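Visitor: I have a model open and some questions about it. Please walk me through the aromatic side chains and the fold around them.

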Amino acid sequence: TILLLTTQLTTCSDDLMLRQLLSSSNNMIHRLSLFLVVLVATRAHCFTTAPLTTTYSHNSLATRLHAEETNNGVQLISLEALGDDHEQVGENMGNSLAAWLDEEWLPQEIHVKMGISVKNTYVKCRTEGKDDVAEIMTQVTDDLFENWAEYNADAFVNAWDLGNYVADYLIAKSGSETCGCSTKIVD
């Protein structure tokens with residue numbers, strides 16, 4: 001039903017056609033659910049004419065190429081502005097993370113250890129050629145989570161909180177636009 005509805009919706013060119021599609025249903029529940037799907041889909045512009053890709057796994061190069069080819073993808077954040085001294089960037093990010101945690105909660109040695117882990121993961125990702133913020137954030141989170149027993153007793157946050165801070169840090173320091181919900185970066 002959803003596939004049929006999606007096909008019908010993507011071929012509808014105006015509101016009159018959408019009204020006809022809705023009125024073709026005899027069941028009131030079906031009609032109401034169709035209405036909600038149509039409302040959300042048309043107002044949120046969920047349906048697009050962009051070709052679907054067959055790349056299902058995360059691949060920043062494929063994402064970038066698809067975005068450039070179709071001219072309607074999400075623009076990736078470039079980390080070029082951070083420079084090539086990944087060790088220094090990682091050190092600054094780890095220190096910033098520890099300072100943020102100290103400011104948010106209370107100064108603890110565990111915050112420094114978390115910062116060191118974040119630095120090491122960042123340096124490893126960048127030396128492997130990874131330059132996608134989401135990929136680095138996920139790797140930081142995975143590495144922290146893998147060793148979370150080491151941090152759990154004294155941490156007031158979780159691995160995803162730290163991964164999100166890393167993403168906010170990288171976006172802010174790369175000179176990219178941030179949003180109002182981004183964590184305040186501590187220098």
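**Aromatic pairs and a surface patch**

Guide: Phe156 has a relative accessible area of 44%, so Phe156 counts as partly exposed. Buried means under 20% relative accessible area, exposed over 50%, and partly exposed in between (1.4 Å probe, protein chains only). This is a predicted model: local features need pLDDT of at least 70, side-chain atom pairs count only at pLDDT 80 or more, and totals for chains, interfaces and linings use all residues. Residues are numbered from 1 along each chain as its sequence is written, and side-chain values use heavy atoms, with hydrogens and water left out.

Visitor: How many helices and strands are there in the protein chain?

Guide: Helices (H or I, at least four residues) and strands (E, at least two) are DSSP runs, numbered from the N terminus. Along the sequence the pattern reads α-α-α-α-α-α-α-α-α. The count is 9 helices and 0 strands.

Visitor: Where is Phe156 found?

Guide: Helix 8 covers 148-151 and helix 9 covers 159-173. Phe156 is found in the loop between helix 8 and helix 9.

Visitor: How many aromatic pairs does a search of the whole structure find, and how far apart in the chain are Trp100 and Tyr165?

Guide: Rings of Phe, Tyr and Trp (its six-membered ring) pair if their centres lie within 6.5 Å; planes under 30 degrees apart count as stacked, over 60 as edge-to-face and the rest as tilted. The search finds 3 pairs. One of them is Trp100 with Tyr165, stacked at 4.6 Å centre to centre and 20 degrees between the planes. Trp100 lies in helix 5 and Tyr165 in helix 9, and they are 65 residues apart.

Visitor: Are Trp100 and Tyr165 buried or exposed, and why do Trp105 and Phe156 count as stacked?

Guide: Trp100 and Tyr165 are both buried. The ring centres of Trp105 and Phe156 are 5.0 Å apart. Their planes meet at 20 degrees, so this pair is stacked.

Visitor: Which residues make the nonpolar surface patch?

Guide: Trp105 is partly exposed, at 42% relative accessibility. The patch has an area of about 310 Å². Its members are Trp105, Leu106 and Phe156.

Visitor: Which residues is His86 in contact with, leaving aside neighbours within four places in sequence?

Guide: His86 is found in helix 5, residues 86-104. Its relative accessible area is 13%, so His86 is buried. Contact means heavy atoms within 4.5 Å. The partners of His86 are Tyr122, Val123, Arg126 and Thr127.

Methods
Patch = residues over 30% accessible without salt bridge, like charges linked within 9 Å, V, L, I, M, F, W, Y side chains within 5 Å. Areas by Shrake-Rupley, 256 points an atom, 1.4 Å probe, with all protein chains shown as cover. Salt bridge = Lys/Arg side-chain N within 4 Å of Asp/Glu carboxyl O.
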